[in-house]
Structures are given as C-alpha cells and as structure tokens.
Amino acid sequence: MAGLTQYHSTSKQQKPQTTSPFYFKTTSLCSLALTLFLCTFSYLFGAWQHSGVTLRTSSKTATDTFSIPCNPTKDTSGTEKLEKPLDFSSHHVADDETTVSSSLESKTYPPCNVSLSEYTPCEDEKRSLNFNRRRLIYRERHCPTKDEVLKCRIPAPYGYKNPFPWPRSRDYAWYANVPHKHLTVEKAVQNWIRYEGERFRFPGGGTMFPNGADAYIDDIGKLINLKDGSIRTAVDTGCGVASWGAYLLSRNILTMSFAPRDTHEAQVQFALERGVPALIGVIASKRLPYPSRAFDMAHCSRCLIPWAESDGQYLIEVDRILRPGGYWILSGPPIRWRKYWKGWERTKEDLGDEQTRIENVAKSLCWKKFAEKDDIAIWQKPVNHMNCKVNRKITQNPPLCTATQDPDKAWYSKLETCLTNLPGVSTNQEVAGGELAKWPERLNAIPPRIMRGTVEGVKAEDFQKDKQLWNRRLSYYKTVNNQLGQPGRYRNLLDMNAYLGGFSAALVNDTVWVMNTVPVQAKVNTLGTIYERGLIGTYQDWCEAMSTYPRTYDLIHAASVFSLYEGRCEMEDILLEMDRILRPEGGVIIREEVDLLVKIKRVTDGLKWESQIVDHEDGPLVREKLLFAVKSYWTAPAGSDQHRINTS
C-alpha cells in the first residue's frame, strides 16, 4: 500500500559447520538472547508508535497516507496530543478573513448564490407552486430531482454569529442570523417576538396565551399532572416560534414542534435558533414522520387545522402517534367560542357546529373528554381498545385498520381513514403495548417494544450492551473534542443513524438535545423504541434533504451512514446536505471503515472543513475509524444584491 513501509523476508540463516556440542549451545544462547532483544525492542517501539490516538490523512500528496506524529506533545495530565489539534471552540467573529486551504486532490464546492441563504430543498417555495393547493398538499415535502440538486455551499447571512448559549437562547436570537421582522409586526399584539436593536427577544407570548407560555402551561398543569414524569414527550402542531415547547423544557418535557414553511416567515427557523427542537412540517395528505404510540401529549393552540374535516383524518393521525392514555390539548377556535366568536369573525352557529363535529370524531376514536376549562379543552386516548372494539359492533366509523397496515410506516405514507389498532391486552386495565416507566427511569428501562420482541433482532441484553457502548464512546468523543462537554458550546445535535438512541441517551445530563433520525433504509425500524425511552426523533431518507433550515445544528453525528447509502446516492450530496444544516464552526463526527473514511475526507476538504481521522476508541488495530471535523466560519457579503460571497 502507498505510504506504508514495505517489509521483505530475510535470507535463511546457514547451519554452523561444526558439530561441537559446546559450539551449538553457545550459538543457541546467543540466538535466543538476540531474538529476545529484537522482540522486546519491536514491542516497545510499536507501543510507543501507537500511543497517540490521532491518525491524520495527508492532504498535500496525491496518495492517501496515514501517519502518527513522531513527537507528540503532552499536556499537564500526561496525555499525548497532536502538535496542532483541531480547534473546536467557537469564535463567531464576523470579520474573520483567515483562509482555510483545501486539499490539492479534492473537488472544490463553490459558494451558492446569496439568495439561497435560507434554502430548504424539499420545501422550496417556487417548486411548491406546481402542486395542489387543496388540503395544503403544496406545503408538503417535494424534493428536487437528481439533476436539480445543488453542488454548492449555502452561505450564512452577512454578520452571522453563533447563537446565544442555552438557556439565554430561549429568550434571545441575533437579528443577523434570521433577518426577518415580519412576525414582529404581524404578531405584535400577541407578544410572540420583539425586535430590539441587533437581536430579537421572545417574551413567551402566543395567540392563546397572552399571559405567557409559562402561565398557559401552569393552567394545563392544573388539569393534568405535568410533574410526576408520566408525561415526557409532546408534539406541537402549528407551533409558531415554539414557545410552548421552549417553556416545557424546564419541566423535563421534550417537545417536537413543527409548522409549515408559510407566510409567517421563519417560524421553525426562529424555534431552532432559540435552541428548541423543531422541523418544517404540515398535516396534509401524508402521515407525520413519527412512529405510532410516540407522544405522551399532543397540542394545538389555534393551529388552524380543520380537525373534523376529511372524515376526521387529521385527528386519526394524532391518534396514531399518541400513546395509549395520552392527551390531546386544544385551545383556540372553536373552544370557548361563546366568548371569542366576534373576534374570530365567525358566527356562533358555525363555531358551535365545528366543536360538535370535533367532539363526535373524538368519540369515534374512543377518546374521552378529560377536561374543559376556560380556553383549554383536553381529551384522553384509552389505554387499550378492549371496550372500543365491543362498541364498534354497533358502529364501524371509522373502521379499524387491518393487520397489514403498518402503523409505524410513516415516510411518504398517505393518511388513513381507519383507526390504528392497538396491541392486544388481556384485561381492561392493561396498557396496550406495555406500560412506560416514568421519567427519568424511562430512559434506561428496557423499552416495551424490545421486551415484547417486536423489534427484530434486538433483545434486552442487546439494549443493555448498547447503553454501555455509547457511554464509553461518548467519553472518548469528549477527549478528542473537549468542547463537547462544555456547557453552552453546543445545543442542537443531530444523530443521522440513531439505532436505539444510545448517543442521545449518553448526553441526557448535558445542556443539549438530540434529533434522533432513523433512516428509512435501516434494516430495523427502531424509532418507536427511541420514543419509548423518552427521546425524540424522525424518519429520514438521507438521499434527500432534511425538512429544516440551513444552519440548524451545532454538531452532527453520523455512524455508518455512508456505508448504509453506498450505491444508493452520491456521497457528496449527503455531505453537502450536512454542510447546509450545520452551523458555521459546528462540529461533525463520522464513524466508518478507514477506506471509506478517506474518501469522505476528500469531500470534506473540498467543503473547506478542518478535519482529522482518529483511531477507534478500542485502539489503532480496529478498521473502523472516526473523522472529527469543524465547519469553517464564512458568510455572505455585506450587500445582499451581490452574487458572490466572501469565504474564509
């Protein structure tokens, strides 16, 4: 192999010509001593040579070589390090003009036009005009064809800075990062967002919570228990700037917020800039990209979804993703219509009829009205379908789904008009699918799907081993990237191939959240188990773009992603998508076998990432290696009308 020392066999030693026993004995002892010395020397030399953990690929030669530094320096703890380690720290200085050199052998990727600084490929506004406006189909995912995929790097706006660290980011964002004032005008009286000089402030208001999200959540907490750990995961439909999800975080409730890319500019972008989990999404004609029985609580605060229309399909979809015993919360039209009907510019009859139809759909799903007080109404899903099936002998609307309709299949799957079957039970009190532990015990308890044997090839002992594996791996990650363990450096994390959520679980005590994605091409669908652990995530095909804005994530983790997609789509397209959704000075960790990792590094050099290949946590003899990288800081120029941008 190029760059590796070539070893040749030595000539065979000649036999001594004498047969004297003394000569034979002396020769044997000398040979033994020489052999022992050589073996000892070779062992010590090899141990010294491999004592550093870092492997580097040369970017200045035409061949791929691996080298271990001959003279590593030592820090005060005695740990050997590279003379020039990667700089993972953030600088976010807008006038930084340091040039990052690219590999001579790498293909280079030019900057995109500045008009694409907020480009979301699968929710492109121009492309959406080609699709049906009925039922908001035009706002669903519609991705570019292969020949339309951009081969350039999306620029950050001029003056971009790293977001405020959490928890300050909940309340503040830099104007330069999301330069839109539309919401500050349109939602001014509702206290969503305010513009204050160089930054935005989020007072925590909302259309249906004028006293703030905290007070609104307290009102919900008077009706259902938000403190005992029974509610951990939530989904917010039509989330606005995600203040509901932002303020639930202090109560250890993790919310998946989503809203369409619509006339309210940058709702989801603001949510992510605040450090709150969110995706671009809409309930239209396709299932939401989540598994069945995922969320403990679903919420709609004047989200304007016509819940009772289309044979109740939208509420049927909420029922699919809501766990047995979970809650659906509705505030806004038509709830409390007798007080607000004039402000909503609708007739009393129209609003009263809408609430009646919603109540009827909820009953047909076997939900019970749990509470209604002031502006808030709450329904609860049954813990099983035993009584529901008995009642359906009289009415079959909507019918129960058949056994062949997979309730967890949710990637471009059409909405159903049938009620998702719950797993069978033996008593009225038994929770269908298995009862979940309360948070935080839920995180490390064996998920019911694994206990029941419904996750193919995954047993309880596999789950326990995975937990231990990721605790060890994360500890190793933090020795290579010391910023990973520092509070405030990273906030939004993405795991591109999450499996059982081990990476996310190992970070649970850090001030971060992780979007766990399960590729639709994965051999086993494990997203349901991730939700059963009290974590959140989504399905994703990495041959397509993610439903999120540019500069969404501070750190991206990709274990075996590129080997999974070999032969399915271009490596460079996946890496360009990672570059799009990664923030300037964001970090990347990629795990693959060394041969594939070398090819990946050639592309990352062309993206102007600073990167290094390092050894596996189990040492240099393991063929799987890791690539640690940092995206360079660069922005668009000061004049938005310019077609070229400045890079550093």
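A: Let's begin with a cut-off: a residue is buried under 20% relative accessible area, exposed over 50%, and partly exposed in between. In this predicted model, Arg336 has 29% relative accessibility and therefore counts as partly exposed.

Q: Which residue forms a salt bridge with Arg336, and how far apart are the closest N and O atoms?

A: A salt bridge needs a side-chain nitrogen of Lys or Arg within 4 Å of a carboxyl oxygen of Asp or Glu. Here the partner is Asp374, with the closest N and O atoms 3.9 Å apart. Asp374 sits in the loop between strands E13 and E14, and Arg336 in the loop between strand E12 and helix H8, so the pair ties together parts 38 residues apart in sequence. At 46% relative accessibility, Asp374 is partly exposed.

Q: How many salt bridges does a search of the whole structure find?

A: The search finds 40. Among them is Lys478 with Asp510, whose closest N and O atoms are 3.0 Å apart. Lys478 belongs to helix H13 and Asp510 to the loop between helix H14 and strand E16, so this pair links parts 32 residues apart in sequence. Shared partners also join Lys107, Lys151, Glu572 and Asp573 into one network.

Q: How do helices H17 and H18 pack?

A: Two packed helices are described by the angle between their axes and the distance between the axes. For H17 and H18 the angle is about 55 degrees and the axes are 10 Å apart. The two are therefore oblique to each other, and the crossing is right-handed. Met571, Glu572 and Leu575 of H17 meet Leu596, Lys599, Ile600, Val603 and Thr604 of H18. These contact residues comprise 5 nonpolar, 1 polar and 2 charged.

Terms used:
Residues are numbered from 1 along each chain as its sequence is written. This is a predicted model: local features need pLDDT of at least 70, side-chain atom pairs count only at pLDDT 80 or more; totals for chains, interfaces and linings use all residues. Side-chain values use heavy atoms; hydrogens and water are left out. Axes are lines fitted to C-alpha atoms, for helices over the stretch in contact, and angles run from 0 to 180 degrees between N-to-C directions. Helices (H or I, at least four residues) and strands (E, at least two) are DSSP runs, numbered from the N terminus. Angles under 35 degrees count as roughly parallel, over 145 as roughly antiparallel, 65 to 115 as roughly perpendicular and the rest as oblique. A crossing is left-handed if the near helix is turned anticlockwise from the far one by less than a right angle, and right-handed if clockwise. Contact means heavy atoms within 4.5 Å. Ala, Val, Leu, Ile, Met, Phe, Trp, Tyr, Cys and Pro count as nonpolar, Asp, Glu, Lys and Arg as charged, and the others, Gly among them, as polar. Buried means under 20% relative accessible area, exposed over 50%, partly exposed in between (1.4 Å probe, protein chains only).
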